Amino acid sequence: MTGEILVPDRSGVNEHYWLALDARHLVFQECLSCDKPRLPPRTECPHCLSDAWEWRRASGAAKLISWVVYQTAFHPAFADRLPYTVAVVELIEGPRLISNIVEVDDPETLMIDQDLELVIQHERGTAITRFRPFVRGSSNTHNGVVN
Amino acid sequence: MHGSVVIAGIGHTAFGHHPDRSTYSLNIEAVRNALNDTGVDKSEVDGLFVKFPTSRFEFMYGQKLAELLGIQPRIGGVWDQGGAANISLISFAAMAIDAGQCEIAVVCFADNPKSGTRHVYQKAWGHDEVYGWFGVPPGYAMIARRHMGQYGTTADQLGAIAVACRKHGARNPNAQLRKEITLDDYRQSKMIVAPLRRDDCCLVSDGGAAVVLMSAKRAKQMQVSAPVPILGYGQGQTSWEVAQRPDLTATAAAISAKTAFAMAGIAPKDIDVAQIYDCFTITALMTIEDYGFCRKGEGGRFVEDGRIEIGGDLPMNTSGGLLSETGMPGLQLVIEGVRQMRGAAAVQVPNARSCIVSNQGGIMHTHSTLILGQ
Ligand SMILES: [Zn+2]
């Protein structure tokens, strides 16, 4: 890999999100006032503005909202990964997040709204949330989490 | 309000590459040209509305520019809405004139991302660096892919927009890129971030542009030679980032246009020519839908078969748009709208009596609409 090594911001409200991922759990926030789930982590609920929340574990089941395939690096750290896929993914629990789709030979064969499952991968000490197409019956996941 | 304010003058720099010029210098040239076109002295300007250079934020940019222009405006400053800001500033200037806050307003913009820094366009979105989520084109590609999946929009339909803009730009002596392409050229264009190719993406350009606004009454008193009345304007915004946006293919263009059409008292069928913000082909396609020129999801079929080219039902981006004339965020589209209403465009639509202009910013976060008449 060339260029700087990118590390997520683990400060403040983000800290627990990354600690949970290190322990192989994808978590999201749920507002204690209006029950709405949310990601990325925020200190106030954008629906009702409450500052009271709890962390919940995601099942790892998700669907593909959309995806792009980088053929050009917009940052030097990703130049040697081309082509790579970035997607908007919706967890079955509701929150949406940016992620990568992995274990796909030709990303042009993906389809919007198709089912995905969580894959937690480690890179340079950071656990990162990725997804792969869900294939019924062939999953080797445990609670949606694979190393 | 309707038609009470006019665009009395327009001006711009050459479009393209200005390696030795500051954005202040580009702004001043554009303003000088716009004041000359209007026939008004700068001492009469009492409103200065500025979109700051997108590629480099600077504190109190509007005041610094006023100092360099040697004017002391009663009202003005900088507004940040990304690419929607220019039309928004025109609408704020019109409101200020209608409300007696100023009499002669200048709206201007300049930037030099081609010779200066482009860093702002390459930053990560949100907290998502670890996934490689960088850059502006990928945000639009994400929306384009969803549109294709939801409505069956094809690459060739996006290509039809690139072909039309490049065709018009080739006939515009001021255009930065004067080279027609065919649909086959488009298909061979380098994939940048699938599904968007290089020819789906606007130019990177240095340059400046300015317009002068005043009341229709004042323009008549001053015997301004070619005032163009503002019939309507509107704005709309979504604050959600692409990943959080509940519906990726619904845009704030819809509410923006609805507001502008209501103010103008006309409908999409009454529009003769359109200048549609085309930072990416998908932006123009979805704006056409959300403006009501066709139903949602039918934008792909609408732009086929030359319908948006000169001679078609809705000639669009008659000076080449961001894809061919200049990648500057939007004021050039207003200037081309003014030329069409004056009957003085390089590629004139015969008997055009109304023009709609769109500006938008961020990743379809902000939208502004302007309707011009005669
Ligand atoms: Zn809440």
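This briefing covers a zinc site, a strand sheet, salt bridges and a surface patch. The model is predicted. In chain A, four cysteines hold a zinc ion: A:C31, A:C34, A:C45 and A:C48. Over all chains, the structure holds 26 salt bridges. Chain B carries a nonpolar surface patch made of B:F57, B:F59 and B:M60.

**Chain A overview**

- Chain A has 1 helix and 8 strands.
- Of the 147 residues in chain A, 47% are buried.

**Zinc site**

- The zinc ion takes its protein donors from the SG atoms of A:C31, A:C34, A:C45 and A:C48.
- These donors lie 2.3 to 2.4 Å from the zinc ion.
- Along the chain, the donors follow the spacing C-x2-C-x10-C-x2-C.
- A:C31 and A:C48 link distant parts of the chain, 17 residues apart.
- A:C31 sits in strand β1 (residues 27–31) of chain A.
- A:C48 sits in the loop between β2 (37–38) and β3 (53–57) of chain A.
- Why is the arrangement around the zinc ion tetrahedral? The 4 donor atoms subtend angles of 101 to 115°, and the tetrahedral class requires all angles to lie between 85 and 135 degrees.
- For four tetrahedral donors, the ideal angle at a metal is 109.5 degrees.
- Is A:C31 buried or exposed? A:C31 has a relative accessible area of 1%, so this residue counts as buried.
- A:C48 is partly exposed, at a relative accessible area of 31%.

**Sheet in chain A**

- In chain A, 3 strands form an open sheet in the order β2-β1-β3.
- The pairing in this sheet is antiparallel.
- β2 and β3 of chain A stand at the edges. Each has a single partner strand, so one side of each is left without a neighbour in the sheet.
- β1(A) and β2(A) pair over 2 bridges, in the antiparallel sense.
- A:Q29 stands opposite A:R38, which belongs to β2(A).

**Salt bridges**

- A network of salt bridges links A:E30, A:E54 and A:R56 in chain A.
- In chain B, the side chains of B:R342 and B:D37 meet in a salt bridge, at 2.9 Å from N to O.
- B:R342 lies in helix α12 (residues 331–342) of chain B, and B:D37 lies in helix α1 (residues 23–38) of chain B. The pair therefore ties together parts that are 305 residues apart in sequence.
- B:R342 is partly exposed at 26% relative accessibility, and B:D37 is partly exposed at 29%.
- Which residue forms a salt bridge with B:R187? The partner is B:D156, with the closest N and O atoms 2.9 Å apart.
- This pair links distant parts of the chain, 31 residues apart. B:R187 is in helix α6 (residues 183–188) of chain B, and B:D156 is in helix α5 (residues 155–170) of chain B.
- B:R187 counts as partly exposed at 37% relative accessibility, and B:D156 counts as partly exposed at 28%.
- The side chains of B:R21 and B:E29 form another salt bridge, at 2.8 Å from N to O.
- B:R21 is partly exposed at 26% relative accessibility. B:E29, at 18%, counts as buried, because the cut-off for buried is under 20% relative accessible area.

**Nonpolar patch in chain B**

- B:F57, B:F59 and B:M60 form a nonpolar patch on the surface.
- Together these residues have about 400 Å² of accessible area.
- Where does B:F59 lie? B:F59 is in the loop between β2 (47–51) and α2 (61–69) of chain B.
- B:F59 counts as exposed, at 68% relative accessibility.

**A buried glycine in chain B**

- B:G159 lies in helix α5 of chain B, the helix that also holds B:D156.
- B:G159 counts as buried, at 0% relative accessibility.
- B:G159 and B:R307 are 148 residues apart in sequence. In space, they are 13 Å apart, C-alpha to C-alpha.

Conventions:
Residues are numbered from 1 along each chain as its sequence is written. Chains are lettered from A and ligands numbered from 1 in the order in which they are written. This is a predicted model: local features need pLDDT of at least 70, side-chain atom pairs count only at pLDDT 80 or more; totals for chains, interfaces and linings use all residues. Side-chain values use heavy atoms; hydrogens and water are left out. Donors are N, O and S atoms within 2.8 Å of the metal (3.2 Å for Na, K and Ca); water is not among the atoms, so sites may look incomplete. Four donors count as tetrahedral if all angles lie between 85 and 135 degrees; four count as square planar and six as octahedral if opposite donors are over 155 degrees apart and all others between 65 and 115; anything else is irregular. Helices (H or I, at least four residues) and strands (E, at least two) are DSSP runs, numbered from the N terminus. Buried means under 20% relative accessible area, exposed over 50%, partly exposed in between (1.4 Å probe, protein chains only). Two strands pair if DSSP finds at least two bridges between them. Patches are made of residues with over 30% relative accessible area and no salt bridge: like charges are joined within 9 Å, nonpolar side chains (Val, Leu, Ile, Met, Phe, Trp, Tyr) within 5 Å. Accessible areas come from the Shrake-Rupley method with a 1.4 Å probe; for residues, only the protein chains shown count as cover. A salt bridge is a side-chain nitrogen of Lys or Arg within 4 Å of a carboxyl oxygen of Asp or Glu.
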